Amino acid sequence: MTHTRIVGTGGYLPAKVLTNRDLESMVDTSDEWIYTRTGIRQRHVAADDECTSDLAFAASSKAIAAAGITPQDIDLIIVATTTPDMIFPSTACILQAKLGIKHCPAFDVQAVCSGFIYALTVADKFMRCGQVRHALVVGAEIYSRIIDWKDRGTCVLFGDGAGAVVLKADDTPGILSCHLHADGSHQKILSVPGTVCGGKVQGSPFVRMEGNAVFKFAVKVLDDIVEEALAHNNMQKSQIDWLIPHQANIRILQSTAKKLGLNMDKVVVTVDRHGNTSAASIPLALDEAVRDGRIQSGHHVLLEGVGGGFTWGAVLIRW
Ligand code: UT7
């Protein structure tokens, strides 16, 4: 049976950095509050002329180079995003054109902060049935455009960026298992409750969040999903070498690490420098830990995330 291996990673962060101190002059907040409650020090913000597919292209180009292939070798493109360039075409199709390739299937996945986990899972299914030799899976977001910069409860949390991986079909795993869940009954605590109708925005085009309720939900389902992934593979907590969580809040990361009995030095943390980049946060953190040599061949790496929908999931990988 064909399996899936990650053979290249890439990341891109826009040049502009917005620090907590910068935010102090924009809303009634403080560096001390933001850092203590979230672990965030700064986040990156896209330039006015940058769009999500530009971020995706930059990250993808690095992943493709790291994989030692060319864009022409790619048989499938999936982009996880909640902040697409436009209603259609999909950001994946726009990315395909920027990569200078044609014909391979390309589509977006919308699962908010779990988007990369969802996209990786879908790509893994394509690989396992032998239809695809190389897939490009991207998480890319420009949340700065759906943030109400007057709402201190949300504007301090999010950032922009993109991360990408190249997958290759192989005889050995690779991806050991994927686990996805959703529960649409909690829409009210995290959403962008707006749409475009008849040429006008209806509802709010900004992120609305009941932070506390989201926090509690996230901690609970992440505890469950890591247990599920371990049990499925008959593995013990002690066999996890690296935890790569969605980067929403350092306190959520610490809670999952505690549940796994992992020291925080086994958790890849980027939330301090990136903030919450939604679907981009996991591939950005993965790329960092691959490039700086923390993740080595044979390591067990657990990716997990939760986000609006609600959606949540995990992917367990033997590197
Ligand atoms: O990506 C997946 C989805 N997102 C998440 O996973 C985020 C989950 N939630 C969280 O990370 C946390 O709930 C937050 C960081 C959003 C908020 O932290 P908290 O400890 O839950 O604070 P809180 O919402 O209970 O607010 C505590 C106080 C409130 O003031 P009062 O009512 O106690 O007087 C807020 O108005 O902090 C106030 N507050 C702020 N103060 C300064 C809220 N935002 C800010 C702010 N600066 N930026």
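Modeller: In this predicted model, 51 residues of domain 1 are in contact with 47 residues of domain 2. The division of the protein places residues 3-172 in domain 1 and residues 176-318 in domain 2. Between the C-alpha centres of domain 1 and domain 2 there is a separation of 14 Å.

The ligand lies between domain 1 and domain 2, because both of them give residues to the shell around it. That shell consists of 23 residues, of which Thr29, Arg37, Asn212, Asn249 and Asn276 are the closest to the ligand. Sorted by class, the shell holds 11 nonpolar residues, eight polar residues and four charged residues.

For Asn249, a side-chain N or O atom is 2.7 Å from an oxygen atom of the ligand. For Arg37, the corresponding distance between a side-chain N or O atom and a ligand oxygen atom is 2.8 Å. For Trp33, a side-chain N or O atom is found 3.3 Å from an oxygen atom of the ligand. On its own, the ligand has 950 Å² of accessible area, and the protein covers 72% of this.

Two or more residues of the shell come from each of the helices α2 (31-38), α6 (152-155), α7 (211-232) and α8 (250-260). Among the elements, α7 gives the most to the shell, with four residues.

One further position may be considered, namely Ala314. This residue belongs to strand β15, which spans residues 311-318. Ala314 has a relative accessible area of 0% and is therefore buried, the cut-off for that term being under 20%. Leaving aside residues up to four places away in sequence, Ala314 touches Ile117, Ser177, Cys178, His179, Ile225, Ala229, Leu302, Leu303 and Glu304. Of these contacts, Ile225 is 89 residues from Ala314 along the chain, yet the C-alpha atoms of Ala314 and Ile225 are separated by 6.4 Å.

To return to the ligand, its place between the two domains follows from the residues that domain 1 (3-172) and domain 2 (176-318) both give to its shell.

Technical notes. Residues numbered from 1 in each chain as written. Predicted model: local features only at pLDDT ≥ 70, side-chain atom pairs only at ≥ 80, totals over all residues. Heavy atoms only, no water. Near = heavy atom within 4 Å. Polar contact = N/O pair within 3.5 Å; in protein donor to acceptor, adjacent residues only side chain to side chain. Areas by Shrake-Rupley, 256 points an atom, 1.4 Å probe, with all protein chains shown as cover. Nonpolar A, V, L, I, M, F, W, Y, C, P; charged D, E, K, R; others polar. Domains from an automatic or database assignment. Buried < 20%, exposed > 50% of the residue type's maximum accessible area, 1.4 Å probe, protein only. Contact = heavy atoms within 4.5 Å.
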